[in-house]
Amino acid sequence: MITIEVDWLSAFFRLAVIGLELAGTLTILVGAGLATFLFARRARAGDRTEAYSAFRSALGRSILLGLEFLVAGDIVKSLVINPTLDDLIVLAGLVLVRTFLSISLGVEINGHWPWEETRMAREKARAASDGSPATAEAAGCGTALKR
């Protein structure tokens, strides 16, 4: 096991963990506040269904970004500051839960599984190279071909 003997380096890593956890928490809170503000403004201006869809998307994206910061903080804390077997097991559990949340939120935001993006990009590229508007619109890029 590697231990950190230099006090300033240990203090730096502890400060880094606090910074990452603070960044993750603030990202989620600020994102939720901004998403709520934009939802209220859009709902007053018109279509509430579209406002709700945009609200869920913005809120989900802020949660995803915040989770990334929090996972980074947990990794530094578990692997650098206190690398015990118990901490690594807790880290593995946290990463599994947060990975599940990230995938679930990604599906909610994008409407498809993350591994379908390559297939969808391939279909869009094929439709764009065909040049046929009907094929391109079916692949989801009809607006890119309209001029």
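This is a predicted model: local features need pLDDT of at least 70, side-chain atom pairs count only at pLDDT 80 or more; totals for chains, interfaces and linings use all residues.
Residues are numbered from 1 along each chain as its sequence is written, and side-chain values use heavy atoms, with hydrogens and water left out.

**Overall architecture**

The chain contains six helices and zero strands, and its elements follow the order α-α-α-α-α-α from the N terminus. Helices (H or I, at least four residues) and strands (E, at least two) are DSSP runs, numbered from the N terminus. Of the 147 residues, 22% count as buried; this term means under 20% relative accessible area, with exposed over 50% and partly exposed in between (1.4 Å probe, protein chains only). Where contacts in the chain link residues at least 6 apart in sequence, 58% of them join residues at least 24 apart. A contact means heavy atoms within 4.5 Å.

An unreviewed UniProt entry lists residues 12-38 as "transmembrane region"; such annotations may be inferred rather than shown by experiment. In the model this span is 100% helix and 0% strand, and its end C-alpha atoms lie 38 Å apart.

The structure holds two aromatic pairs. Rings of Phe, Tyr and Trp (its six-membered ring) pair if their centres lie within 6.5 Å; planes under 30 degrees apart count as stacked, over 60 as edge-to-face and the rest as tilted. One of the pairs joins Phe39 and Phe55, and it is tilted because the planes stand at 50 degrees, with ring centres 5.3 Å apart. Phe39 belongs to helix H1 (residues 7-45) and Phe55 to helix H2 (residues 48-81), so the pair ties together parts 16 residues apart in sequence.

Arg98 lies in helix H3 (residues 85-110). Leaving aside residues up to four places away in sequence, Arg98 touches Leu67, Leu70, Val71 and Asp74.

| Residue | Relative accessibility | Class |
|---|---|---|
| Phe39 | 29% | partly exposed |
| Arg98 | 17% | buried |

H2 and H3 pack at an angle of about 165 degrees, with axes 10 Å apart. Axes are lines fitted to C-alpha atoms, for helices over the stretch in contact, and angles run from 0 to 180 degrees between N-to-C directions.
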